[in-house]
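Thanks for making time for this. I would like to go through the side-chain contacts in one model.

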Amino acid sequence: MKKFTLLDGLVAPLDRANVDTDAIIPKQFLKSIKRSGFGPNAFDEWRYLDHGEPGMDNSKRPLNPEFVLNQARYQGAQILLARENFGCGSSREHAPWALEDFGFCVIIAPSYADIFFNNCFKNGVLPIKLDADKVDALFKAVVAAPGYKLQIDLERQRITSPDGTVYAFDVDGHRKHCLLNGLDDIGLTLEHVSDIKSYEAKHLAAQPWL
C-alpha cells in the first residue's frame, strides 16, 4: 500500500446522496479478487451508455457525456467530493479497489456507510468526514472554478482550499499511522515477523510432532 502524506489534488464533484457500492462497481465485475483493474468500470452504469460486462474493451464503449466524471475538466481528479451516506449498500471491498484504481486517493463527504468507510482505510483511500455545510461550500467552489484543487495534509489533519480556507478533520490515530506508513493488514503483520518466527520456532521445539 502506498504511503499517504500530502496531496495537492484536483477535485471532482459527485453531487448525489446515498451512492451505493453497486453504483461504484456493479455486481457483474466482482468475479476477480486481484484488487486491480477495476478502475475502468468504476461507476460503470453512469459512465457508459451501454451495459458493461467483464472483458469488454471499455475504450470502444459509448461514454455518457452527462456524467460528471466524463467531463474534460475533471480528468485526472484525485479527490472525490460526495454527499451523505456514500458507499452504502453491500459490503464489497471491490468498491474502494475501483475508486483507488480509477485514481481517487481521497473522498470527502458528510457521512459514509461504516463498512465502506473501514474498507477505504484498509486499501489506501482516505475518507474524510466534513459537516454538510462545509461540503456544500466546497461543491459550489468546485463547480465555479475549473481546475479547483485542494491540499490534503494527513499529518496535520487539515484541508486547505485555494483561497486559504482551512478545514480540520478527524481521523483515528491507528488508521492515520497505517496510511502515513503505507501499512495494510498484511503490512501490520509483517512488522512483527521476528516475533512470529520466534514463536513458531519455540512451538516447533516444544511440539515437534505437530
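Predicted model: local features only at pLDDT ≥ 70, side-chain atom pairs only at ≥ 80, totals over all residues.

Residues are numbered from 1 along each chain as its sequence is written, and side-chain values use heavy atoms, with hydrogens and water left out.

A nonpolar core here is a set of buried Ala, Val, Leu, Ile, Met, Phe, Trp, Tyr and Cys residues joined through side-chain atoms within 4.5 Å. Buried means under 20% relative accessible area, exposed over 50%, and partly exposed in between, with a 1.4 Å probe and protein chains only. The largest such core has 58 residues, and those with the most contacts inside it include Phe43, Phe86 and Phe116.

Now the rings. Two rings of Phe, Tyr or Trp (its six-membered ring) pair if their centres lie within 6.5 Å; planes under 30 degrees apart are stacked, over 60 edge-to-face, and the rest tilted. The whole structure has nine aromatic pairs. In one of them, Phe43 and Phe67 have ring centres 6.0 Å apart and planes at 50 degrees, so the pair is tilted. Phe43 is buried at 0% relative accessibility, and Phe67 is buried at 2%. Tyr112 and Phe117 also make a tilted pair, at 5.4 Å between centres and 40 degrees between planes.

Which charged side chains pair up? A salt bridge is a side-chain nitrogen of Lys or Arg within 4 Å of a carboxyl oxygen of Asp or Glu, and the structure holds eight. Asp15 and Arg83 form one, at 2.6 Å from N to O. These two, together with Asp136 and Lys140, are linked in a network of salt bridges. Arg83 counts as buried, at 16% relative accessibility.

Arg61 is worth a look on the screen. Its side chain meets that of Asp44 in a salt bridge, at 2.8 Å from N to O, and Arg61 forms another with Asp50, at 2.9 Å between the closest N and O atoms. Arg61 is buried at 6% relative accessibility, whereas Asp50 is partly exposed at 27%. The charged end of Arg61 also sits over the ring of Tyr48, 3.8 Å from its centre; that term requires NZ of Lys or CZ of Arg within 6 Å of the ring centre and within 35 degrees of the ring normal.
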